[in-house]
Amino acid sequence: MSHTYFDDLETRSADARAAALAVDLPAQIARAKALPGYAEALADVDPAAITSLEALATLPVLRKSTLGAAQAASAPFGGYTVKPASGFAHIFQSPGPIYEPGGAEADWWRMGRFLKAAGIGEGDIVQNCFGYHLTPAGMIFENGARAVGAAVLPAGTGQTELQARAAYDVGVTAYAGTPDYLKIILEKADEMGLKLGITKAAVGGGALFPSLRQYYADRGIQCLQCYATADLGNIAYESAAMEGMIVDEHVIVEIVTPGTGNPVAEGEVGEVVVTTLNPDYPLIRFATGDLSAVLPGASPCGRTNTRIKGWMGRADQTTKIKGMFVRPEQVAALVEKHPEIARVRVVASRDGEMDLMTVRIETNATDASAYDKSVADVLKLRGKIELVPIGGLPRDGLVIEDIRKYD
């Protein structure tokens, strides 16, 4: 194994990665198909035929609302795990509530790959300031630290003065936690006259603003971020190149039009949909509700997997117009109803004290009135219809745009 990379998978050729996918993906679909949670969604699917991204895109998307409903009917995991709850090392509860399994096996959450990219490994002591209670972030990062041979100070959140003292006394060299909490610890240590030895930071769970990253850099700390969720574990991560986020080797990321399962063109903004290759918990086309876009080319750091831009907002653009909710799924249904429509964007605006809905339809058709009935039937509202030539709508991931001002 290279000292630079977590393993050799990170530097595979595109052909080698595709060949591995052709073996791993059918096996994962077969595992999923055998589970009660997927009984209906995958009933007619031949796992052996799902060997590529293109084939994967034909399968239905699994939304968190569906998972939550299944868990409510069949606690705690809704029939989506290969092992019973008692077969896992950990069971977590996230807001909702929704439950996630956790394993203690090496790099079960795939966080070691990110920590390695952040320069963390043997000889490091990581102050892990992610929460350990009920929610999984603390254990996710602890599991990753174990995978790269680092020791962990399981600090959790709060008690900043004790955190600063422990960091100094123990000789902490790396931080894991939300982007802003490290600054609070550093400032408390300054107040206490303690010079900390932290030179690396692996952060997640919030926005890492450029000014904050620069603050850390000015103090000799390289701060890198990952994109992870409680359900999926690590999805993508930064390397020292800091050019986008590199997709993990054991997940498959698709970017789709929000509210659908339809992949967008490379570079366009859309919803992040993830398929895991974790044999214990096979999530297939799991919709994260987050927006991102694929970056062209490979990272300068030598890792060859697809890169995404990172978190770019929420895909759930559900908006109330004239007292009625309009959802991305409804906009997608309007597109599917008419083959000549390329895409649709619903714009919510105001005229005095009244809500207005404008439905912008990208099509070569010329008669806007032809869509009046479909708009009313599908969106449950009437609005102004504007026809836009093909290519005329922005490729920014928005299918519902709210331009109303309330101040």
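In which sense do β13 and strand β14 pair, and over how many bridges?

What you have on screen is a predicted model, so local features need pLDDT of at least 70, side-chain atom pairs count only at pLDDT 80 or more, and totals for chains, interfaces and linings use all residues. Residues are numbered from 1 along each chain as its sequence is written, and side-chain values use heavy atoms, with hydrogens and water left out.

Back to the opening question. β13 and β14, the latter at residues 307-308, pair in the antiparallel sense over two bridges. Two strands pair here if DSSP finds at least two bridges between them.

Nine strands make an open sheet with mixed pairing, in the order β4-β3-β5-β6-β7-β8-β9-β14-β13. The edges are β4 (151-154) and β13 (294-295); each has a single partner strand, so one side of each is left without a neighbour in the sheet.

Next, a hairpin. β1 (residues 90-94) and β2 (residues 98-102) pair in the antiparallel sense over five bridges, and S94 has I98 in β2 as its bridge partner. Three residues sit between the two strands, and G96 in that turn has a positive phi of about 150°. The G96 to P97 peptide bond is cis, with omega near -10°, and P97 belongs to the loop between β1 and β2.

There is another cis peptide bond to look at, joining A75 and P76, with omega about -5°. P76 is in the loop between α3 (64-73) and β1. D107 is not a glycine, yet has a positive phi of about 55°.

On to the domains. The assignment gives domain 1 (9-314) and domain 2 (319-402); such bounds come from an automatic or database domain assignment. Their C-alpha centres lie 35 Å apart. Ten residues of domain 1 are in contact with nine of domain 2, contact meaning heavy atoms within 4.5 Å.

How much area is buried between domain 1 and domain 2? About 680 Å², with carbon and sulfur atoms giving 58%. That is the accessible area, with a 1.4 Å probe, that two parts lose on being put together, summed over both. P258, E268 and V269 supply 53% of the area that domain 1 buries against domain 2, more than any other three residues.

A salt bridge here is a side-chain nitrogen of Lys or Arg within 4 Å of a carboxyl oxygen of Asp or Glu. Between domain 1 and domain 2 the count is two salt bridges.

Across the whole structure, the search finds 31 salt bridges. One to click on is R146 with E142, where the closest N and O atoms are 3.2 Å apart. Both residues lie in helix α5 (residues 137-147), four residues apart, about one turn of the helix.
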